[in-house]
Amino acid sequence: MAPVVLQMSCVAGLLGGAGLAIFLSRARSATAIVYSLTLAVSLLAFFGSIRSLLGGDISDLTLPIGLPWLGAHFRTDALASFFLVVVNLGGASASLYGLGYGQHEPAPHRVLPFLPAFLAGMNLVVLADDAFSYLLCWEFMSLASWALVMAHHREPGNAKAGYVYLVMASFGTLALLLAFGLLAGPAGDYGFAAIRSAQHTPYAATLVLILMLLGAGSKAGLVPLHVWLPLAHPAAPSHVSALMSGVMTKVAIYGFIRVIFDLLGQPTWWAGVVVLILGGITAVMGILYAMMETDLKRLLAYSTIENIGVIFASLGLALAFQANGLKLAAALAFTAALFHVLNHSLFKSLLFFGAGAVLTATGERDMEKLGGLIHRMPQTSFAVLVGCVAISALPPFNGFVSEWLMFQAVLQSPELPQWALKIAVPAVGALLALAAALAAACFVKAYGVTFLGRSRGTAAETAHEVDRYSLVAMFILAALCLLAGILPGLVIDALSPITTAILGGRMPIQANEPWLSIVPIAESRSSYNGLLVMVFITISASLAVFFIHRFASHALRRAPAWGCGFSDSTPAAQYSAGSFAQPIRRVFGTMLFHARDHVEMPAPGDTRPARLRIELHDLVWEGMYAPIAGAVGYSADWLNRLQFLTIRQYLSLVFATLVTLLLVLAIWS
Amino acid sequence: MQMHSLAFDVSHTLAGGLVLISFMMLYQDRLYSLLNVFAFHAVVLALSVAWQAFVQQAPHLYITAAIALVFKAIVIPVALHRIVKQLGIHRDIESAVGIGPTMLAGMALVALSMVLMLRVTAEADPLAREDLAFALSVVLLGLLVMVTRRNAVSQVVGFMSLENGLVLAATGAKGMPLVVEISVAFSILIAFIVIGIFLFRIRERFDSVDVSALDDYRGEHR
Amino acid sequence: MSAASFNPVAGVLLIPIGSAALLAALPGYRLTARLNVVASFATFLAALSLFVLERPQPGPYVLVDDLNIVFIVLNTFVGFTTSIFSAGYIAHELETGRLTPLYLRFYHAMYQTMMFGMNLAFVSNNIGLMWVAVEIATLTTVLMVGIYRTHAALEAAWKYFILGSVGIAFALFGTILVYMAARPIVGEGQDGMVWTLLIRHAAAFDPELLNVAFIFLFLGYGTKVGLAPLHAWLPDAHAEGPTPISAVLSGLLLNVALYALLRFKILLVANPSAIAPGPLMVTMGLVSLIFAAFMLYRRRDIKRLFAYSSIEHMGIIVFAFGMGGPLANFAGLLHMVMHSLTKSAIFYAVGHISQIKGTQRINRIRGLTVTHPVLGWGFVAGVVAIAGLPPLGIFMSEFLVVSSTFARQPLLAIALVFGLLLAFGALTLRLTSVAFGQPRGSTASADASYVPLFAHLALVLCAGIYLPAPLVVWFQHVARLLG
Amino acid sequence: MVVISDIIVQGVQMLLVLLLAPLLTGFVRKIKARLVRRQGASMFQPYRDLLRLLRKEVVLADNASWLFRVTPYVTFAAIWVAAALVPTFATGLPFNWTADLIAIVALLGSARFFLALAGMDVGTSFGGIGSSREVMIAALAEPAMLLIVFCMALVAGSTQLSTVANFLASSYVGLRVSLGMALIALIMVALAENARIPVDNPATHLELTMVHEAMVLEYSGRHLAMIEFGTFLKLLLYISLIACVFLPWKIALFGTGPLAYAIGAGAYIVKLAVAGFLLALFETATAKMRVFRIPQFLGAALMLGLLGTLLLFVSRSF
């Protein structure tokens, strides 16, 4: 069976599942049935796409639907297969998690029908091979996810989240629509094959790039189009948040790659500059937002923005190298991007699952009310710890590998002839390093405040470990994070068909390297071996442990914390998320968020408690979106007076129109 | 030829007369006098239609002329007089725009219609051209009346004078099928029936047919 | 009528007018409502038979060609479904006593008369006759809008009537001018108004006359299409009349006027030296679209909201036809059909909603998907469709309009997209508040059949994903016809 | 055979760093003491401290989790591995290629990550202060470090330390302004990373000025020993990093005989001594700065790094 046929039948299965869910959504067994169905189908699709990725066979399929004279084209090539792997891996893990998590869902009938539809939509976007089907599936995906965001529509703020999300989504779609309109030309040949073969003027290429940055960027969460993301992702049920953050943003990136790298042909170098700088800014801004955040799921959503920035930066690098014909370097940067796509989908899903587990166990998303969960839910906290280490780009986990590859690509910048790039690349490199370090800080905060320390509330004290489906899902993802971290060579080799197909270049075959180490360019330049690093750490750690336990004293006494003598203050006196972020807020926030700390210190003898109020401003929202909304509101009010005219005034409108047209006619000839 | 030029002159004067009377309507500020002027308007219309019937040897146009004479010149004005009396609408028309500006606007409109129509190529026969030009100006002036007058009766009058312009044009169009005149009369008839119904209902509801009384609702309350 | 031997056209025309007479005579709700449905269904069948039976030759009065056949079928179909909806709706109105049996009789008679008028407008081959037909349809709807005889309803009807009759006048003047232009070439009398002859000789007509004529026709019929700033009657007429009438107004009457416009557009395009109607239509279309989009934001009355959305969509359609070219015309036709189906479906939903909640004020309606899942989700689906989201039909047409425009006139396309986004924002804002959130208002279950609603939605959904080949061929042919 | 010898050399290096690290710290302390005219403890005091700590019992806070107890070993291991991968007396060690400079920095990062978590674990405010400031410093130090890596990579065309060392040792590299800047930047970063004056004071006992000390406040006994040891190793690591990159004098190149190794080792020890002396001198000469001056300090390092890189472009392009 041709891969595409397999994939399409999986999609059909998912859609069938959605239909099924509508009918038995109120049945008690619905959750189990639907999720096991999606799990099975996603697994099937997952292995199918792995096969077609490794097999490297291109297959396409045309259905007699969609635009009548065109039909709906679907196609799997290396790129599509890779993203199908990501999508379906996410889908499978989410379904597995959902088997357990879904039991706690208050309104299953608002989740079950849309989840399979959402998965189907994402698969279809990746499969689509003509502009119309692409946009149709893209918007269908948005619609399904919107419905999922509205699943808990009674909670305050979710309505706004859904609204902002839907409007931004449609904005993005319209941008893509314009882009495809430009690509397809007046004749309107919307097939990707036709677009690929057509010649595009620089003017058109420029417009398309901008429109794609608006369209795909708004979906992926590029600053300043990111505003919907921290609202919508947390609003959805956690496994859906995982899908939206971990997978849907990647689908957006797929769209960007497909159009800019594949359809548009040879890029221009400054396109690289634009994407690179946007990526860098997005990365830093995203993680700074996350640093300021105290809501666990929102923090994760913001960190998604950061990772998207990283990916876009690598894509920008790839564009720059490609434009200058440096195929090897381009392949390196591109591989880094794709690798990071995979990694982020893994650990971000894992972390959202963890957040979901915390949510089910405590009913609390606000970190300031959590703490000490490592004692209550040890397994969850272990899995989440792995996720935090991985997303902080620390060896030997997978996050580090992709960042490392990206830095290697950054180090290739001296090859670039253009000055703008020469200067921009190291600067952005520094930005990315900053982002990485801040990410580490951010997740120290997230993990430390949520899982470590003492419980800040009864909710956290009475928490219990979550069900085993959720745990299995989390541990599988954690294991994958580690595997991808210590055996990166395999992944890189698996990605090489894509770079070969799209850039016409590839990285050296990693399988030939000794000891499974990875070598981007040449061993003399740089190399990294996750496996050995891990082995060394284990060995030396166990050596240390061995000697300690051999020779040192084993005596251990439990005692209240010392804390320089201020021993038992209330848990409220611990460092909270806000206070943890304070140094970084002082350093960066003052400028970027107009952050102010207002301290009311009552006079001595006054019994009022002292208060510290932190004032933060989202400048993007206040500077960009609020004014737009205001302008629309103002003009709406202004025009609305037309609703309240007298008949005579309406008549005079008609009369005026008539006279104007007649005048125009009189003057025209 | 002689005949033709005569025909031309007569119809020309009549049509021009209509335009002139429309101007008079613009000038009126009393309801009754407005109605009288309108009756006169209808009479002249009837004359010109009859003349056209004679010139074009199109006897069916006499029917139109008769309709115009009977309905517009007699029945309607009388009816409107009644309504005004019954509803006790105060007699003077408050107009949105002053008389002077209105007259000027009227001038401009007439000029505009002339410009537009006289540009029409001459091989459409001059008779039709002149007629059309005047008809267009009558239509526009009628509309102007509707726009500048505040109360329902005068708006109705304006509307009817607009219809007169249409009839003028229709009859000027040589050999225009009977269907159309009937439909014209028909539509005017319908129009009046419906307006009548409305005046009635409106009277049931409010104490005046002053449109502004209707306008207090205007869709959504603020 | 040239209906000596039975032909479908005769059916399409005579069934409604006959049943109108009958309904005017017959008392009693059950009987008349059923009869109304049956008559509409018969008309629909007659219209369908136009596809199978061979078309009558274009005579001096009747014409059945590619352009109007689908209009007729669509018209009769929506007329049919609306009659089903209206049966349930009117029953409720009788219970609540908003309608008396007398007015019910009147209502049904007028309903059929209106259908007759619209069908006549579609099949007429004579521009004079077409004008008459459009006017009949308009005047009947005027009476229907006023039927509740409330302060608001009367005012709406009055507004509709005054603005409408000015439109009438303009259209007639335009028609006369067209005849004047045609007379020298086609010859006097009957022929000067027969569409088929006109179009044959259009190239030789006097351009100046045609220009003036087109402006008057555009404004005259445009008033009924509801183009801003001629739109004023439309929102109130929709909001104050009975909901079935709102559905028919949005779904059908606007199409009738649009159809007339298209006929004359073709005429003008056929004349090389006349002004190109394109720019005029594009401008008015854009103005209506953006104006209506802004107006959507401040609406408090749910029916008026969707009335404005009708204006918006009419703007899109006129824009598409103004752009011209195979893609845009195709999109325009598709959009018109989709809009009729979707908008009438939405009005069905809104009718039930406002009957259940006993109000049309948006802020008194909340959490519909909680209290009335079926109706609520139906409503959501309808709004999603009208907002142009896939996989529903309007998405395809908007896709074609925007993409084809952007390749030709980027700036126009950007203005278009701006309008679309504005309208989208307003509609979804209302949608979220009405369909979701903490429920408000009565939770009484609606005793109404949702068949028409979901039938329309199913059609729209199907069209969004798969268009049957013959329909496509037809569309493409007509698109070419429209130039 | 060769492999064996390589393994041996590698092993020697691992042990060497292990042995030298406390000594270096002790040496620095001694010098500092002498510079302020104190007798000061013996250079070998750190060894004694470690042993004493190992003998002592561990006092564990009540709600300390398993993470708290694992962290010392993890940090120690990570730092040790990192230290073992930096060429000290010889380049081309068999495992140099398992991680380049970036990876080494990242390894130190993981160590810091866990330490910061451990600081949060007990749930006292001091741990929190320490961790938050530590991560802030790290966040600022890391970009600077990357730009320094940039500089070197541009000069030596590699991020592989032994390659860099080989390159700088063997081929003649003229005196480069950019390298000088990189050196200064690296020193500043090293000061920050090792919690030395002026960024932090390793010997402080005033809570509010502590960063690193506050973080490990709750540790005692063998755990504290591990952490202390890690700190010693880290200092050694940075110094040997500076030494091998900017001062590859007499470093044994790959494949040279035992003699070369011996010389290399000797030279290495000398370098350590010199560096330690300079560090002590610097620390006595300067005062600790306020926490929120640190951003400027590290920002300067960042600027230097960037400037160095750009200058390199200039010098390359001409």
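**Core and A–D contact in the predicted model**

Good morning. I begin with A:Ala333, which touches A:Ser314, A:Leu317, A:Ala318, A:Phe321, A:Met406 and A:Ala409, leaving aside residues up to four places away in sequence; contact here requires C-beta atoms, placed from the backbone, within 7 Å.

This is a predicted model, in which local features need pLDDT of at least 70 and side-chain atom pairs count only at pLDDT 80 or more, while totals for chains, interfaces and linings use all residues. Residues are numbered from 1 along each chain as its sequence is written, and chains are lettered from A and ligands numbered from 1 in the order in which they are written.

A:Ala333 and D:Ile148 touch the most other members of the largest nonpolar core, which holds 668 residues. Such a core is a set of buried Ala, Val, Leu, Ile, Met, Phe, Trp, Tyr and Cys residues joined through C-beta atoms within 7 Å; buried denotes 20 or more other C-beta atoms within 10 Å of the residue's own, again placed from the backbone. Helix H6 of chain C, residues 151-186, gives the most to this core, with 24 residues. Helices are DSSP runs of H or I with at least four residues, and strands are E runs of at least two, numbered from the N terminus.

I turn now to chains A and D. Their contact takes 72 residues from chain A and 74 residues from chain D. On the side of chain A, helix H17 gives the most, with 16 residues.

Finally, the strands: four bridges join E3(A) to E1(D), residues 58-61, and the two run parallel; pairing requires at least two DSSP bridges. Within this pair, A:Arg558 stands opposite D:Leu60.

Note on methods: Buried ≥ 20, exposed ≤ 12 C-beta atoms within 10 Å, placed from the backbone. Contact = placed C-beta atoms within 7 Å.
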